[in-house]
Amino acid sequence: MDRINSRISQVYGYAVCLITVVVMLIAIKQVVDAAFDLSDPIRADGGGYGRMGRPITNFELYKMEARRQGPTRNGPTPAGEKASSDSAASDAELKTMYDAEREAAIGNARFRAIRSLVGNILLIVLAGILFGIHWRWLRARDSIPLT
């Protein structure tokens, strides 16, 4: 019976060590991804596109896409106003929209990347502690001869 309990505890110890190594490998990959996202937050999640589907990597591209998509106003055209390119946003309005959308995308990507970094680094530390505790326990246990 002592030998069965010994095997069960040994399997438990090695299983915990294996699981913690796998968790650390996955968390390390997530830390690397978050570091890349922090280095270039514009391209982090949206691939350089904002919420309106326009590119936010460059104002000229944003402006061309906005002109192609047509007026930025919602709803019917007010009386006395032509429904043409005249009702499109001016360059100043587009620049303001571009800057706001770009800043929002950068802020959101940075927040997610920092949250991921902190969470995954904490996970690596905790998994490392669990691994160390169980590995030392297994080594001490294996050095005691069974009677």
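A helix here is a DSSP run of H or I at least four residues long, and a strand is a run of E at least two long. With that settled, I opened my notebook on this predicted model.

**Entry: the overall fold.** I looked up the secondary structure and found three helices and zero strands in the protein chain. Reading along the sequence, I noted the pattern α-α-α.

**Entry: surface and contacts.** How much of the protein chain is buried? I found that buried residues make up 28% of its 147 residues. The chain exposes about 10200 Å², and I saw that 63% of this comes from carbon and sulfur atoms. I then turned to contacts between residues at least 6 apart in sequence, and 72% of them join residues at least 24 apart.

**Entry: the core.** Which residues form the largest nonpolar core? I listed nine: I42, I56, F59, Y62, A66, A89, L94, Y98 and I106. Helix 2 and helix 3, the latter spanning 91-143, each give at least two residues to this core. As a friendly reminder to myself, nonpolar side chains tend to be buried together in soluble globular proteins.

Setting aside neighbours within four places in sequence, I106 is in contact with P41 and I42. I42 is also on the core list.

**Entry: E65.** Is E65 buried or exposed? E65 counts as buried because its relative accessibility is 18%, and the cut-off for buried is under 20%. I placed E65 in helix 2, which covers residues 59-69. Beyond its neighbours within four places in sequence, E65 is in contact with R54 and P55.

Methods
Residues numbered from 1 in each chain as written. Predicted model: local features only at pLDDT ≥ 70, side-chain atom pairs only at ≥ 80, totals over all residues. Heavy atoms only, no water. Buried < 20%, exposed > 50% of the residue type's maximum accessible area, 1.4 Å probe, protein only. Contact = heavy atoms within 4.5 Å. Areas by Shrake-Rupley, 256 points an atom, 1.4 Å probe, with all protein chains shown as cover. Core = buried A, V, L, I, M, F, W, Y, C linked by side-chain atoms within 4.5 Å.
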